[in-house]
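Open the model in your viewer and keep the selection tool ready.

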Amino acid sequence: MKNRPIKTRLTIYYTAVLAVIVLASCALIYFNSSQFSQARARENLLQVVQAGFSEIPSDPAGDPQIPTGFSVYRSGVSLILYDASGVRLKGAPPADLPKNLPLESGTFKQIAGTDGEYLLYDLRNPYENGQALYIRGIYTIDRNYSQTTRTARILMTGLPILALLAILGGILIARRALDPVTGITRAAEQITGGGDLSRRLPLPENKDELYDLSETLNEMIGRLEGAFLAEKNFSADVSHELRTPVSVILAECEHELEQDRTPSEYREALSTIQSQCRRIMSMIEQLLKLSRQLDAASMIEEEELDLSLLCESICCEMEGVAAGKGVRLTWDIAPDVLVRGDETLLMRLLINLINNAVKYRDPNKNEPSVSFALSCEDGKARIEVADNGIGIAESDLDHIFERFYKADKSRDHSVAAPDESFGLGLSMVRWIAEAHGGSVSVESQVGEGSRFTVLLPRV
């Protein structure tokens with residue numbers, strides 16, 4: 001049974017349940033019919049016996065006078081008259097009925113004969129002169145049970161037909177109910193076999209459980225498609241970022257090995273190789289850090305945090321870093337702003353935003369500055385980091401939160417060392433914000449500066 005198709009199992013279960021219901025119904029009908037027939041037989045027998053006494057008058061002396069035309073068979077009941085001593089006066093019992101059955105007034109008896117069963121009822125009627133008559137009514141049970149037997153035969157004949165109809169109905173119902181499952185399975189096999197994650201499962205016409213399942217699976221396939229594309233792009237971006245420094249190292253080595261060089265030339269070549277190796281090492285460290293934090297997504301330890309204290313602490317720490325690069329950092333932090341989140345990840349978000357603002361300062365301005373603000377807005381904590389730096393082109397605003405995306409060469413290397421920027425910081429900011437149920441956005445103009453806004457749910 002375990003390895004049978006769901007359609008077969010569903011049909012078997014449905015048929016079995018229906019068969020049990022039909023059998024129970026038949027048994028109940030037969031039992032009720034039998035009980036009703038017995039009750040009706042007793043009532044009929046009692047009425048016929050009582051009616052028999054009403055037809056026997058008494059003379060002035062009180063003696064009973066049995067009419068000559070007294071009928072001993074009426075309504076399927078045989079009547080036998082006895083005197084007070086049990087002597088039969090009129091009528092005759094069936095030949096197969098046992099002899100010398102005692103007379104017991106007011107009592108129903110069910111007696112088995114050789115040809116069938118009989119229902120007996122005796123009734124005694126006393127007269128004024130002290131005499132008495134007995135009337136015994138005899139009802140053949142076989143006659144009484146004829147209707148019940150017919151009912152039973154009809155039920156037994158109809159049961160196989162009902163069972164067959166139940167099987168056919170179960171097959172049709174199971175097939176109709178599971179047709180969408182078959183369609184979903186075939187579509188899933190095509191998606192798996194072809195490796196085309198852009199395809200989706202068909203949605204059933206009825207918005208039932210299978211519809212919800214298909215929608216859920218389509219959402220899962222969409223997420224898988226996005227994850228595979230992101231992984232593919234991630235691998236391509238990493239390869240691209242590593243290709244340049246490795247190419248420089250190989251070219252430098254080949255150039256220096258072509259002929260003997262002076263010590264100063266070797267030192268210069270080694271310095272170039274060292275710079276590129278540091279760039280590669282810096283990138284590897286950032287990738288490892290990114291990988292560890294993304295792998296820990298399911299282990300985010302949320303707790304109630306005072307975001308105001310956390311922001312103030314980060315600003316105090318970053319003030320010296322900004323000042324070392326000629327940038328003035330100011331902050332305006334609203335008190336008692338509480339959120340739920342992972343303190344380590346939120347610290348990384350804040351540090352990345354401030355570092356990004358400091359890194360892309362405009363050296364041509366007399367007073368490069370970064371402002372930090374924390375406020376409350378519609379039940380959310382609002383974090384703003386604004387600078388008067390070089391700004392971001394409008395065409396780049398939709399991509400700066402993507403991994404390894406860098407707006408342009410001038411923005412990447414004019415003020416920041418080549419080994420410091422790989423386009424990972426802002427992607428980490430977006431991931432942390434979304435992992436906490438929040439969002440991040442940016443407004444910027446080239447030459448005017450940028451403003452990053454993070455919204456997080458408050459407690």
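Contact here means heavy atoms within 4.5 Å. Helices (H or I, at least four residues) and strands (E, at least two) are DSSP runs, numbered from the N terminus. This is a predicted model, in which local features need pLDDT of at least 70, side-chain atom pairs count only at pLDDT 80 or more, and totals for chains, interfaces and linings use all residues. Residues are numbered from 1 along each chain as its sequence is written, and side-chain values use heavy atoms, with hydrogens and water left out.

Select helix H7 (residues 343–359) and helix H9 (residues 425–435). Their axes come within 9 Å and cross at roughly 145 degrees. Axes are lines fitted to C-alpha atoms, for helices over the stretch in contact, and angles run from 0 to 180 degrees between N-to-C directions. Now show side chains: residues of H7, including Leu-345, Leu-349 and Leu-353, meet residues of H9, among them Leu-426, Val-429 and Ile-432.

Next, select the open sheet of 5 strands, with the order S8-S10-S11-S13-S12 and mixed pairing. Two strands pair if DSSP finds at least two bridges between them. Which strands stand at the edges? They are S8 (328–333) and S12 (439–445), each with a single partner strand, so one side of each is left without a neighbour in the sheet.

Zoom in on S10 (residues 369–377) and S11 (residues 380–387), which pair in the antiparallel sense over 8 bridges. Pick Ser-375: its bridge partner in S11 is Arg-382.
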